[in-house]
Amino acid sequence: MERRQRLLGRNLSVAYERPLHIVRGEMQYLYDDEGRQYLDAYNNVAHVGHCHPKVVAAGQQQMEVLNTNTRYVSELILEYAERLTATLPESLSVCFFVNSGSEANELAIRLARAHTKAHKMIVLEHAYHGNTTTCIDISPYKHDAAGGEGAPVWVHTARLSDAEHVLEIVQKLDAPLCGFIAESMPSVAGQIILPDGYLTQVYDAVRGAGGVCIADEVQTGFGRIGTHFYAFEKYGVVPDIVVLGKPIGNGHPIGAVITTRAIADSFDNGMEFFSTFGGNNVSCAIGLRVLEVVNEEKLQAHALRVGERLLKGLHELHPRHEVIREIRGSGFFLGVELVEEAGDVVNQMRERGILVGTEGPLHNVIKIRPPMPFAEGDADRVIDVLDEVFSRKGAKTQSKN
């Protein structure tokens, strides 16, 4: 930690009161430098499992042959684009590849601006879309917090889950609308499920004002919510632009933007789009293999089945522990909202060998977003250990009173 503080920027955060020195990962497990195993119920980046052997092999094999950029013709990027667009509604047919969700959201804004010739954006409170300058501008979670400078004049923030507020913002705009961007299930805001009909109303209003609708699926895509391959499908809407990020590469840096032919043609305005590493051969080989594993191992159905077991167990804990305010989520995208900050519970779970995280503007939501191989026994273990931690917490509270 002393070397880290000397060599790295000090605003890089570290998880847990007692930092972990993780040296190895295997599927839903992580191992520290002393060989201790941790059940990972937190890191959704390793979507199909830490170091999944088929994904590792795909990267190794392609790295031995060629890794270059998209200025050379390649079958791999075309096959990947075909396989990726096959998972989406027919209108979403054109792909751009980058290296992260942040880059993908940045590019999505560029596409929207090129198509609409406008700048005004509507975002949701507590939203987070990445670490670039533009992404910070559209992320109230960052620009409204410590070190932030607030929203720029072209960004309008809507209350979470309040469609009427979006309509009100649209009606009061003093300039043309570029678009609306939101996670289909807001994650940083606290693992939120949007109300039925919300996105339909919002998308209709935004399109009625000439804007485009961007779905940030970085956290929820590829079957994580169990019921659908993408979270926007749950609400019966079709975005104009879909953004994908880290999980699609299982930890390898990949980002993707998929849009309509009309929007892609608007972006083709004479300025070349090029990303040195976006869509490189190794990334495409890995991306293809991740998609194959998701389908071959039926991970969406697995997330639904095990997620329902986990939700059932969490709901059974609720009446026994006053510290729990609400349980919510779908598949492997779950949140346990507490009546107080969740940091102590998360640290106690870490000491017992289970990794979860905190989320929400009040840091009072335990987020559970495991790698997709997370099994029934793992779900039961999370419930049992949470029960133990909550019980100890309740006993301490009573003794103080």
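# Reading a fold, feature by feature

Guide: Start with Leu-84, which is buried, with a relative accessible area of 0%. "Buried" stands for under 20% relative accessible area, "exposed" for over 50%, and "partly exposed" for what lies in between (1.4 Å probe, protein chains only). A word on the source: this is a predicted model, where local features need pLDDT of at least 70, side-chain atom pairs count only at pLDDT 80 or more, and totals for chains, interfaces and linings use all residues. Residues are numbered from 1 along each chain as its sequence is written, and side-chain values use heavy atoms, with hydrogens and water left out.

Visitor: Where does Leu-84 lie, and which residues is it in contact with, leaving aside neighbours within four places in sequence?

Guide: Leu-84 is part of helix H3, residues 75–85. Helices (H or I, at least four residues) and strands (E, at least two) are DSSP runs, numbered from the N terminus. Contact means heavy atoms within 4.5 Å. Leaving aside neighbours within four places in sequence, the contacts of Leu-84 are Cys-95, Phe-97, Phe-222, Tyr-230, Leu-244, Ala-256, Ile-258 and Leu-291. For a sense of distance, take Ser-100, 16 residues along the chain from Leu-84: their C-alpha atoms are separated by 16 Å.

Visitor: Which side of helix H7 has the buried residues, and which residues are exposed?

Guide: First the idea. An α-helix has 3.6 residues a turn, so residues three or four places apart point the same way. Now the case: H7 spans residues 163–172, and its buried residues include Ala-163, His-165, Val-166, Ile-169 and Val-170. These cover an arc of only 160° around the axis, so they sit on the same side of H7. The arc is taken from the directions that run from the helix axis to the C-beta atoms. Glu-164, Gln-171 and Lys-172 are exposed on the other side of H7.

Visitor: What covers the buried residues of H7?

Guide: The cover includes strands E5 (120–124), E6 (155–158) and E7 (177–183), along with helix H8 (198–208). Look at the start of H7 too: there a side-chain oxygen of Asp-162 comes to within 3.2 Å of the backbone nitrogen of Glu-164.

Visitor: How many salt bridges does the structure hold?

Guide: The structure has 23 of them. The test is a side-chain nitrogen of Lys or Arg within 4 Å of a carboxyl oxygen of Asp or Glu. Take Glu-351 and Arg-18, whose side chains meet at 2.8 Å, N to O. This pair links distant parts of the chain, 333 residues apart: Glu-351 is in helix H13 (343–351), and Arg-18 is in the loop between helix H1 (2–7) and E1. Glu-351 is partly exposed at 31%, and Arg-18 is partly exposed at 47%.

Visitor: Which parts does the salt bridge of Arg-83 and Glu-292 tie together?

Guide: Here the N-to-O distance is 3.8 Å. Arg-83 lies in H3 and Glu-292 in helix H11 (281–296), so the bridge ties parts 209 residues apart in sequence. Salt bridges with shared partners join Glu-79, Arg-83, Arg-289 and Glu-292 into one network.

Visitor: What is the strand order of the open sheet?

Guide: Strands of a sheet pair through backbone hydrogen bonds, either parallel or antiparallel. Two strands count as paired if DSSP finds at least two bridges between them. This open sheet of four strands runs E1-E2-E3-E13, with mixed pairing. E1 (22–26) and E13 (354–355) are the edge strands, each pairing on one side only. E3 (37–40) and E13 run parallel, joined by two bridges. Asp-40 has Leu-355 in E13 as its bridge partner.

Note on methods
Polar contact = N/O pair within 3.5 Å; in protein donor to acceptor, adjacent residues only side chain to side chain.
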